[in-house]
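Please look over the sequence and the structure below.

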Amino acid sequence: MYKNYIKRILDIILSVIILIIFLPLYIIIALLIIIIDKNKIIYKQVRTGKNGKNFNIYKFTTFKGGKVTKFGKILRLLSFDELPQMINILKGDMSFIGPRPWITDYYKYMNKDQRRRVEVLPGLTGLAQISGRNDISIFDKINNDLQYVDNISFLLDIKIVFKTIKVMICSEDGNNMNDNIKNEINELKENNK
């Protein structure tokens, strides 16, 4: 009941509330991106969604010419670059809680069991994010995601929300994200030959 109906209803209600309450913040961030970074406001990228279906994820633009911008560093540090994903949640591409939606190259190199991580909607945060994020291997991330898929519940989602808040308070910006992604995809490729 929770997994198939209540979770989606909560996603819709919460994303609408957040979009309304934080509308002034969205406007301020958009203006600062234009003024400080002289950049486009929204960045779109194709990600793998539920059941392997691709979708465009929305983020505030934090880079220009392959480098993180001045204002982009602040947005990433505060995780404010993720705010436009409320639109993804409202559209039904994502949920608040679930495995993070990865670029499509990950899915391409996963084996059948690893691909079970896309049996649920991807999320803003998930079990892998609160279990070490970039400090754990790609295989540990996938195992955490599979654990979530197999044990999804309201109580688990609440636990993830509170642990996410704790992680965000203590987090550091990951500027070597692109290197991490390349390394993880290579590990998957080699492991699943």
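The model described here is a predicted one. Asn144 sits in helix 7. Apart from neighbours within four places in sequence, Asn144 is in contact with Leu127, Ala128, Ser131 and Ile136.

Helix 7 covers residues 138–151, which makes 14 residues. From the first C-alpha to the last, helix 7 reaches 20 Å, close to the 20 Å expected at 1.5 Å a residue. Asn144 is one of its buried residues, and the others are Ile138, Lys141, Ile142, Asp145, Leu146, Tyr148 and Val149. An α-helix has 3.6 residues a turn, so residues three or four places apart point the same way.

Tyr148 leads on to the largest nonpolar core, which has 22 residues. Ile29, Ile33, Phe60, Leu75, Leu127, Tyr148 and Ile160 are the members that touch the most other members. Two or more residues of this core come from each of helix 2 (23–37), strand 2, helix 3 (70–77), helix 4 (85–91), strand 5 (95–97), helix 6 (127–130), helix 7 and helix 8. A second, separate core has nine residues, including Trp102, Ile103, Met110 and Ile138.

Not counting residues up to four places away in sequence, Ile160 touches Ile97, Thr125, Gly126, Leu127, Ile130 and Tyr148. Helix 8 (residues 154–170) also holds Ile158. Is Ile158 buried, partly exposed or exposed? With 33% relative accessibility, Ile158 counts as partly exposed. The C-alpha atom of Ile158 lies 25 Å from that of Arg47, and 111 residues separate the two along the chain.

The remaining part of the tour concerns a pair of strands. Strand 1 (residues 42–48) and strand 2 run antiparallel and are joined by seven bridges. Within this pairing, Lys44 has Tyr58 of strand 2 as its bridge partner, and Thr48 stands opposite Asn54. The hairpin has five residues between the strands, and Asn51 takes a positive phi near 60 degrees there. Why is strand 2 described as largely enclosed by the rest of the structure? Five of the seven residues of strand 2 (residues 54–60) are buried, so the strand is largely enclosed.

Terms used. Residues numbered from 1 in each chain as written. Predicted model: local features only at pLDDT ≥ 70, side-chain atom pairs only at ≥ 80, totals over all residues. Heavy atoms only, no water. Helix = DSSP H or I, 4+ residues; strand = E, 2+ residues; numbered from the N terminus. Buried < 20%, exposed > 50% of the residue type's maximum accessible area, 1.4 Å probe, protein only. Pairing = 2+ DSSP bridges. Expected span 1.5 Å × (residues − 1). Contact = heavy atoms within 4.5 Å. Core = buried A, V, L, I, M, F, W, Y, C linked by side-chain atoms within 4.5 Å.
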